[in-house]
Amino acid sequence: MKIENQVTLDFPSRSANESFARTAAACFAAQLDPTLEEINDIKTAVSEAVTNAIVHAYPDTLGRVSVKLRIREDRILEIVVKDWGVGIADVDQARTPLFTTGNEERSGMGFTIMESFMDTVRVRSTPGKGTTVTMARRISRRAGR
């Protein structure tokens, strides 16, 4: 699919950068004139993906997180969140609701939440090399526009 526009954000895995990433994704998506519900869904999915990278990829150190935002033909917003952290040993297990490698404060619902707000979610990971989460959502064309 043809890419119509794109931007890449790179930042350290500090928790303060999660809100920046979600806001940047919402601002980028705004060019598609999404509904408030679509914007909130996008922000939530980005928040979950970036938080996973911050908390799980780099549990004991700072690392790098990259968020690539693309608008593809047919009004598809694609979001790629990548880290170069510890990776996921078993992606299927990690995608199971309530499974977490974090402490008792983690709900284990990150991938489930991403899947509920996006049309597609793909996860690729290699232990010791990092994880890439690719999400996509078609933004509806509003009536009269």
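Over the ring of which residue does the charged end of Arg64 sit? The charged end of Arg64 sits over the ring of Trp84, at 4.0 Å from the ring centre. The points below concern a predicted model.

1. Strand β2 and its partners. Strand β2 covers residues 64-72. On one side of the pairing list stands strand β1, residues 3-12, which pairs with β2 in the antiparallel sense over 9 bridges. Strand β3, residues 76-83, also pairs with β2 in the antiparallel sense, over 8 bridges. Of the 9 residues of β2, 7 are buried, so the strand is largely enclosed by the rest of the structure.

2. Arg72. This residue belongs to strand β2. Its bridge partner in β3 is Ile76, while Ile3 has Arg72 as its bridge partner in β2. With a relative accessible area of 14%, Arg72 is buried, because the cut-off for that class is under 20%. The side chain of Arg72 makes a polar contact of 3.2 Å with the side chain of Glu78. Neighbours within four places in sequence set aside, the contacts of Arg72 are Met1, Lys2, Ile3, Glu4 and Glu78.

3. The hairpin of β2 and β3. Between the two strands of this hairpin there are 3 residues. Asp74 takes a positive phi near 65° in the hairpin. Arg75 lies in the loop between β2 and β3, and its phi is near 60°, a positive value in a residue other than glycine. The relative accessible area of Arg75 is 17%, and Arg75 is therefore buried.

4. The loop between α1 and α2. Helix α1 spans 16-29 and helix α2 spans 36-57, with Asp33 in the loop between them. Asp33 is not a glycine, although its phi is positive, at about 55°. A relative accessible area of 27% makes Asp33 partly exposed. Leu32 is found in this loop as well, but Leu32 is buried, with a relative accessible area of 8%.

5. Contacts of Leu32. Which residues does Leu32 contact, leaving aside its neighbours within four places in sequence? They are Ile71, Arg75, Leu77 and Ile139. One of these, Arg75, is the buried residue in the loop between β2 and β3. Leu32 and Ser140 stand 108 residues apart along the chain, and their C-alpha atoms are separated by 8.6 Å.

6. The aromatic pair. How many aromatic pairs does a search of the whole structure find? The search finds 1. The ring centres of Phe11 and Phe20 are 6.5 Å apart and the ring planes stand at 90°, so the pair is edge-to-face. The two residues fall in separate accessibility classes: Phe11 counts as buried at 6% relative accessibility, whereas Phe20 is partly exposed, with a relative accessible area of 44%.

7. Helix α4. This helix comprises residues 110-117, and its residues Gly110, Phe111 and Met114 are buried. Why do the buried residues of α4 line one face of the helix? Seen down the axis of α4, they fall within an arc of 95°, so they line one face.

Methods: Residues numbered from 1 in each chain as written. Predicted model: local features only at pLDDT ≥ 70, side-chain atom pairs only at ≥ 80, totals over all residues. Heavy atoms only, no water. Helix = DSSP H or I, 4+ residues; strand = E, 2+ residues; numbered from the N terminus. Buried < 20%, exposed > 50% of the residue type's maximum accessible area, 1.4 Å probe, protein only. Polar contact = N/O pair within 3.5 Å; in protein donor to acceptor, adjacent residues only side chain to side chain. Contact = heavy atoms within 4.5 Å. Arc of directions from axis to C-beta. Pairing = 2+ DSSP bridges. Phe/Tyr/Trp six-rings, centres within 6.5 Å; stacked < 30°, edge-to-face > 60°. Lys NZ or Arg CZ within 6 Å of the ring centre and 35° of its normal.
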